[in-house]
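Hi,

Here is the structure I promised to pass on to you. Please open it first, and then read my notes below.

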Amino acid sequence: MGRSRRSGAGGRAGSRPRRGWPYRIGWWIGRGIVFFVVGSVIWVLAYRFVPPPVTITMLGDLASGRGISKDWMSLSRMDPDMARAAIGAEDGNFCSHHGFDLRAIGEAMERNAKGRRLRGGSTISQQTAKNAFLWQGRSYVRKALEAWFTLLIEGIWGKRRIMEVYLNIAETGIGTYGANAGAQRYFRHDASSLSPTEAARIAAILPLPKKRGAVSPTGFTRRYGNNIARRIAVVRGSALDACLR
């Protein structure tokens, strides 16, 4: 009798308590977070060495039947004025910030709050993270993911690789991706020998590539392109592209 009671007590003490549904949900959420973190780091690390083969934006063009045109060119082969034009147009503090330009974000929010022309405060790093890993559009989920991937590419890629990827996957026309494909489309030569004006015109259409053209631009696009062309000299003279040299 005594042995039976000890065995029963021992069995109860050694049995594992049943977990409730909150624990199981938390366990699966935890696994999902770990999988996402590890997977995204591996994904970013792979793109440190190989060109992104396709982006979600490109897939959208393919699905619509438009097709895509892209022609990867390394930053070392691309005319330096193309990167200078991108810095002058999109992100003057590219070489000095760590992925986020808080001052530019604050100025954009203030400008938008006053009802002026809508303007974002995204850096080239943020735009590269969005273009390479995410989708277009506005949502808090996408912005949060964009911030995460921005931190990763800043830490894993460095500035030269960020600029190289940006200038090769940014949309430069309907179904056209990258400065090299854009140069061939608009100027009938590759991006290794762009004039300051040509580089500035490609940079001018980056915010609205489906609505602006680099050949014989008019109105705002022409004025904006001329302004960027002047900024190229400032970027060069002030060494704002020092991190790319």
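The charged end of Arg 48 lies 5.5 Å from the centre of the Phe 49 ring and sits over that ring. By that I mean that NZ of Lys or CZ of Arg is within 6 Å of the ring centre and within 35 degrees of the ring normal. Lys 159 is likewise placed over the face of Phe 94, 4.6 Å from the ring centre.

A word on the basis: this is a predicted model, where local features need pLDDT of at least 70 and side-chain atom pairs count only at pLDDT 80 or more, while totals for chains, interfaces and linings use all residues. Residues are numbered from 1 along each chain as its sequence is written, and side-chain values use heavy atoms, leaving out hydrogens and water.

Now to the rings. Phe 36 and Phe 149 are edge-to-face, because their planes stand at 85°, with the centres 6.4 Å apart. Phe 149 is buried at 3% relative accessible area, whereas Phe 36 is partly exposed at 35% (buried is under 20%, exposed over 50%, partly exposed in between, with a 1.4 Å probe and protein chains only). Both belong to one aromatic cluster, together with Trp 43, Tyr 47, Phe 133, Trp 148 and Trp 157.

Lastly, the backbone: Arg 188, not a glycine, has a positive phi of about 65° and is exposed at 68%.

Best wishes

Terms used
Rings of Phe, Tyr and Trp (its six-membered ring) pair if their centres lie within 6.5 Å; planes under 30 degrees apart count as stacked, over 60 as edge-to-face and the rest as tilted.
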